[in-house]
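Welcome! Take a moment with the sequence and the model, and then we will walk through them together.

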Amino acid sequence: MKLANHLLSILESLHDAVLVIARDSTIVYINNAYSVQFGVPADKLIGRKLSKVEPKARIHDVLKNGQPLINDYSYLHSLNIHVFANITPLIENGELIGAVAIMKDISEFYALQDELERYKTYSTRLEEQLHNKIFEMLESHVPVMRQAVHIARQVAESEATIMLYGETGVGKEVFARAIHEASPRRDREFVAINMASLPESLFESELFGFEDGSFTGSRKGGKKGLLELAEGGTLFLDEIGELSLFLQAKLLRVLQERLFRRVGGTNPVPLNVRIIGATNRNLNKMMETGAFRNDLYYRLHVVPIHIPPLRERKPDLPLLIHTIMGDLSMKYGKHITLTQEVYEMFEQYDWPGNVRELGNVLERMTAICPRSYFVPDDVPESIRQEREAEKMEDTTPIYEGGIGLPGAIEQTEKEMIIEALRVSRTKTAAIERLGISRKAFYQKLKKYGLL
Ligand SMILES: Nc1ncnc2c1ncn2[C@@H]1O[C@H](COP(=O)(O)OP(=O)(O)OP(=O)(O)O)[C@@H](O)[C@H]1O
């Protein structure tokens with residue numbers, strides 16, 4: 001078979017579109033695939049100048065500089081399609097006589113890629129909304145709380161160790177979760193460890209895990225510790241102020257070396273977690289008294305966040321009540337509102353147990369309330385008593401006769417002036433005795449009807 005005789009049939013049988021142009025940009029050939037894929041019959045194109053049909057076609061660059069283009073992307077305006085092309089110069093006897101382009105229509109792929117991009121943007125937006133949701137829970141009208149949330153949002157993206165300070169029930173764990181959800185580690189685990197409830201004897205096996213047969217009764221195959229479970233994620237060390245000095249030293253070593261060993265194991269396991277600590281104790285004071293190690297304090301106290309107690313964020317009560325009642329209405333299938341009087345009782349109460357106490361009180365009230373609104377009788381006694389005690393507080397002025405401090409001052413002043421006048425021979429002497437100006441003296445005589 002003489003290949004040269006069959007060249008045209010070969011070109012016609014290709015599935016890729018082929019375009020050949022002469023050096024002056026005249027289209028000399030398009031194959032069948034070109035006509036079919038791009039919807040252009042050969043007799044409409046052949047003989048025309050490509051520079052007129054598609055002035056920006058990349059094939060012109062090849063004609064200009066004689067260099068081939070491989071897997072070259074371009075958009076064909078005249079056809080509204082995206083293509084990948086291999087474009088080669090045609091050289092005969094060392095002379096450039098034209099160029100050939102073999103093209104693949106990638107419009108469909110392009111449309112899919114477009115769609116994928118749209119979905120990606122959409123899912124990123126949804127993800128952001130989800131991550132913001134937990135921060136939304138921490139919305140506040142109170143500057144100190146807003147400041148705490150602002151810092152948390154700012155450092156969430158980083159790897160910085162965070163130390164959360166606040167009384168029990170203020171929402172330290174909610175903060176820690178919000179930070180984790182807004183961090184690049186959000187797809188990995190958030191592991192919370194309560195240091196107060198971890199017995200000293202179990203500290204190592206719980207945190208570091210253990211190897212098979214490392215101690216009597218240990219599980220077959222060993223067990224991963226919490227540090228390994230948190231791998232790539234966030235480790236929340238709650239109530240860190242409760243750790244004994246002995247365990248503080250153990251924890252410090254792991255944080256310093258960023259390595260640990262399973263109990264009974266020899267291989268070091270790298271620690272890849274972001275640390276968030278929390279306490280309701282004053283670690284500074286504990287450090288001064290030697291109850292908390294300085295080195296551990298400084299390792300944890302990188303970004304301190306102070307969460308205010310509920311009594312210092314009373315303007316947030318309506319928001320918190322709204323969120324909590326929303327959850328409770330789903331849990332109990334009841335939609336209950338607060339009467340103004342109940343709300344005032346809540347406002348006057350100090351909430352020593354903070355948001356946790358508020359949640360518990362509302363849940364107890366919801367569980368037993370037969371109505372669609374709370375009345376003062378639904379409020380627990382301890383909160384009502386505080387209000388009643390406040391109402392009954394004795395408001396009688398301290399000074400006898402009920403005239404209060406201003407009245408008492410005036411009465412003393414008047415008595416002193418009368419006494420000064422009685423013992424002095426002249427008014428000038430009385431003024432001197434009283435140690436006031438002549439003008440003030442006469443003003444006071446007039447005021448007390450002594451003129
Ligand atoms: N902003 C909030 N909105 C709704 N519920 C909240 C909010 N903050 C905290 N809570 C709820 O209050 C309770 C206590 O929160 P959390 O456990 O985070 O407090 P904590 O400061 O970590 O307490 P502790 O010091 O006792 O560990 C939880 O049930 C939590 O869901």
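Which residue in S13 does Ile162 stand opposite? Ile162 stands opposite Ile276. Before going on, note that this is a predicted model, in which local features need pLDDT of at least 70 and side-chain atom pairs count only at pLDDT 80 or more, while totals for chains, interfaces and linings use all residues. Residues are numbered from 1 along each chain as its sequence is written.

Ile162 belongs to strand S6 (residues 162-165); strands are DSSP runs of E, at least two residues long, and helices are runs of H or I, at least four, both numbered from the N terminus. S6 runs parallel to strand S13 (residues 274-279), joined by 4 bridges, and 4 bridges also join S6 to the parallel strand S14 (residues 303-306). Strands pair if DSSP finds at least two bridges between them. In S14, Leu164 has Ile305 as its bridge partner.

In a regular strand, side chains alternate between the two faces of the sheet. On S6, Ile162 and Leu164 on one side and Met163 and Tyr165 on the other are all buried, with 20 or more other C-beta atoms, placed from the backbone, within 10 Å of their own.

Now look for the ligand. Among the 18 residues around the ligand, Thr168, Gly171, Lys172, Glu173 and Arg356 come nearest; a residue counts as near if its C-beta atom, placed from the backbone, lies within 6 Å. Helices H8 (172-181), H14 (317-332) and H16 (354-368) each supply at least two residues of this shell. Domain 2 (129-308) and domain 3 (314-392) both contribute to the shell, so the ligand lies between them; the domain bounds come from an automatic or database assignment.

Technical notes:
A residue is buried if 20 or more other C-beta atoms lie within 10 Å of its own, exposed if 12 or fewer, and partly exposed in between; C-beta atoms are placed from the backbone.
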